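Welcome! Have a look at the structure below, and then we will walk through a few of its features together.

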Amino acid sequence: MSTRLATGGRLIDRTKPLGFTFDGRALRGYAGDTLAAALLANDQMMIARSFKYHRPRGILAAGVEEPNALVGLGQGPRHEPDQRATTTELFADAAMVSQNAWPSLTLDVGALNTLFARFLPAGFYYKTFMFPRFAWKHLYEPVVRLSAGIGKAPAEPDADRYEQAYDFTDVLIAGGGIAGLTAALAAAQGGQRVLVLEQTAHWGGRAPVDGVAIDGKPADAWVAEALATLRAMPNVTLRRRTMVAGVYDHGFVIAQESVADHLPGADLPRHRLWRIRARRIIAATGAIERPLAFAGNDIPGVMLASAARDYVVNFAVSPGDRTVIVTNNDDAYRTALALLDAGLVVPAILDARATASGELPNMARARGIRVLEGRGIAKVKGGKRVRAVQVCAQAGEGAELETIACDCVAMSGGFSPVVHLFSQPGGKLAWDAANGMFTPDPARAPTGADGQPFVACAGAASGALQAHDCLEGAHAAGGGTGPAPQASAPPEAPMQPVWMMPQGAPPALRAKMWLDFQNDVKVSDVQLAAREGYVSVEHTKRYTTLGMASDQGKMSNINGLAILSDALGQPIPATGTTTFRPPYAPISFGAIAGEARGEIFQPLRRTPMHGWHEANGAHWEPVGLWRRPYCYPRAGETQTQAVMREVTNTRQHLGLLDASTLGKIVVKGPDAGRFLDMLYTGVMSTLPVGKCRYGLMCSENGFLMDDGVVVRLADDTWLCHTTTGGADRIHAHMEDWLQCEWWDWQVYTANLTEQFAQIAIVGPNARELLQRLGGLDVSREALPFMAFAEGTLAGIPARVFRISFSGELSYEVAVPASHGLAFWNACLAAGADLGAMPYGTEALHVLRAEKGFIMIGDETDGTVIPQDLGLGWAISKKKPDYLGKRAQERAHMTNPDRWKLVGLETLDGSVLPDGVLAPAPGVNANGQRLTQGRVTSTYFSPTLGRGIAMGLVARGPERMGEEIDFVAGDKTIRARIRDQVFYDKDGEKQNV
Amino acid sequence: MSEPTSALGGSSAEGFARVTEAGLHGMITLRGDLAAPAMARALKAATGCALPGQRAISAHGANLAAWMAPDELLLLLPYPEAAAICAKLETALAGEHALVANVSDARALFRITGAKADQVLAKLCPVDFAALPAAEIRRTRAAQVAAALWRSAPDEISLICFRSVARYMFDLLATSARPGSELAPA
């Protein structure tokens, strides 16, 4: 049984009991418990089922390395799967559910898999689901998918909020153990800006548990003093519950702070993702104990020796009444002593080494513990809980020497320094054969832009497992001067690497020795992979899934590659490690998204009239990040009816369009004319002041990328209108050419898009409205088509452009954005009896399509050149050059077979579906049907009372009057090719 | 003539710092050769401000001149004076290669005030506020949009963004300033 001890527990507060549930069972713990500690205190040793074989699994570790104890935590909108019980703090009413078990944890149907374990070897999926090929998609994948995953995804949107934050520091120290604090003191006393991040809620790491003394004081007392010193320094920031997830180039660090995991429901961001720039990083991340590979090492009740004493010392939780310790090093003897101190029984210590005669083993012997040298575990007996261990000679093949009854096994296979943060940005490791571990090689540390190392490890993470060495190194890493804090602890004799127990174990035992507990990878699987020819550790990892679970092999990787090396008959460093990639431990999607959800998921750009549109029932269309009114349906009107009304009203009376989103870029300078002549296909340098000209902009490859009206404001100043989506892009395009290519041309640009609200005033009554607003002569003579005037309208400073994208008498009026709404309202008021009515983007489209005007993004798709669209009139033949000119002369571009713009009218007057293709006889090299044309714009025209369309058709302009079929699903629609101007071809309406 | 209105009409929100949309302010983009004596003269004549050094802000009364780029300044001044100062600059710079553009209506200005104002912005902007001196402008971004900010008074940061995203910016700042979410560690 695991249970709560009557006394002790340095991290729990017995005055604050907390109720919680596990699979619906009401349990009690204390403030300060982790979920795992609280579960163990209630004798809940079995927590989950394993992923592949559904084996019963218990708590193995006490920290972030835990592979088994993942639970579904929280309910409804706060449910989250795969929460690591060993690192999650207990809170009141925490509701946990076990995972990967059905119908229940103790009675699990999936456990049958274990009976078929020998039919589910490494690479089972790859071997089994290969043939027949079609079956993967229709049979295997759906079935495999059902059994995939561990926890259940939440069904409701997350109730919590998240945020991110930035920080900057000279020295970032990952880890608040005694090494991290020593490095922090050294760096801070040297005057550097220091940021210390500790992943747990507690400072001091495991030194207090291990009984280390520093400068003559117990570790706890020294830690408290160190913290007080650091807190008093203005150049130091200390953050708990903040896990450094990743170290990237140039000292960029990602860390996740668990702000409110332990306070669910508080009005706080749950997680905060830190994005930090550090000049130097000290990884004082400690070391993780390795399990030993013996048969049955996954049975609940088997745990890491260090974890067993963590539970006893930190949480006053006994992992079992009788604990057998199995080890290859001296450190595990500390566990035996801690268990004895707590009044628990240690029937034996099985030490795989031939002799164990160091200070710690002798202390254990002195306390009356049986120490069996050269011994190991042949097999653990038990199903859902350890019952006994069979002892064998480590040097043998597993013959049982005796059976020792116990309910807990504390194992230690040595320690692996946590080198992740050193390795992620490229630091290289060295193999320490004596201690059986990879350590960071300071000579091959990751280097920054200056060629200097920017990550160093300190303490156990550097391989300094003994407390004294640990602090010496940490003090030096922090740039300390003077003596380092002096740590003392009993000296430890060398460990002896043990990768398999017993070393001559037969296949039957090897098939029950777990390496990767979460993904069910055993010694036999890695050996099979080696036999099947896998020599690369990276390939073996993927083939066997070793280290691919959510713990990312923190406990399994070294054991796995040792087994692989042995199978390949090569030394461990020759095999090498898999790549360490961020994040060190999982971070939440919420933290990655940060504040970006709901209203602030994405910036929504609003014109000055946005509120009016909203209040007047606009149906929105997203255009870039803007929302533009698509139409303004009235009560009882469909959107289609609204569009028809808006088109008709604009043609017959007066329409108002919010065109504020159009790009407005001012271009000024002695070379501005020359610059624009290069940017546009037409000539802008000859445009008279006060006049407007339509322009086309092409990419270097000749493709049409934007269009708009260019206005000459002054002798050296032009105003370039762009499409709504093009404003920022075209401005950047201009600056790119000016800064990178024509840097000696004297041109300045400024993007004034948002300075102006722009309103299109369109229809036969447009002039009348402007005259009523008053202040500017807008007569036919004073302001002819394609002219521009500046003055005031309705008392507001205004620029008036007489341009038309509808074919009607039309003005676009630009006023300062701060007056935009006022001007809009003035137009509506003054135009009320003139039929003034707002229209949306869909009416705009219908109006322009009736006139055969192209739209960037409809008629163009990045493969269309202006010549395809019959826009030759807007391309200068005289200019020596413009962007795209050379490209447009290439053979493919001048091929007469190119698809070109035409009008299309269905024979029955119906509306062609958008984007449909016109098939042609024959097939291409891929056996696909040949096509000869495509619909690019298609609308019902209320003006003409029939469907109208534009499309690109092979040799289209040569085929006027020809009828071709378009295919939409199983329907064939016949349309006649015609000129694309459907309405007022002579432009009489816009020229009035 | 109608009264000009700012994007959010002076909205404010109270959190661990106060967030206020500061109404309309005059802003002028001035591009040109900052090393040319004519530029410094024109700036001085029109605003009283000295030419600011790299990333710096120079002030004269209510007028500020902020360095935006090697060939660009942003002038901040009372809204009603923007047009007249534009005209003065145009006149003073006649014959020079320079661009003067009134951008007063293209922007929104926010003030974030309080002892913890830095923390509101440290959640949104990749800026080292501990190393941001007074009289320095920082062009950066706030979450997903462009921004420029500076310390406009003790315990006050001013921030400019484009007018169209003023609501987004306000919501961002108000969210960031929600009580209890201070960055200061316990």
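## Where the chains meet

In this model, 40 residues of chain A are in contact with 39 residues of chain B; contact means that C-beta atoms, placed from the backbone, lie within 7 Å. On the chain A side, β9(A) supplies the largest share, five residues. Sorted by type, the chain A side holds 20 nonpolar, ten polar and ten charged residues. Here Ala, Val, Leu, Ile, Met, Phe, Trp, Tyr, Cys and Pro are nonpolar, Asp, Glu, Lys and Arg are charged, and the others, Gly among them, are polar.

## How to read the model

This is a predicted model, where local features need pLDDT of at least 70, side-chain atom pairs count only at pLDDT 80 or more, and totals for chains, interfaces and linings use all residues. Residues are numbered from 1 along each chain as its sequence is written, while chains are lettered from A and ligands numbered from 1 in the order in which they are written.

## A parallel sheet

Five strands of chain A form an open sheet with parallel pairing, in the order β18-β26-β20-β21-β22. Strands are DSSP runs of E with at least two residues, helices runs of H or I with at least four, numbered from the N terminus; two strands pair if DSSP finds at least two bridges between them. β18 (302-304) and β22 (371-373) of chain A each have a single partner strand, so one side of each is left without a neighbour in the sheet.

Three bridges join β21(A), residues 349-351, to β22(A). I349(A) has V371(A) as its bridge partner in β22(A).

Terms used:
Two residues are in contact if their C-beta atoms, placed from the backbone, lie within 7 Å.
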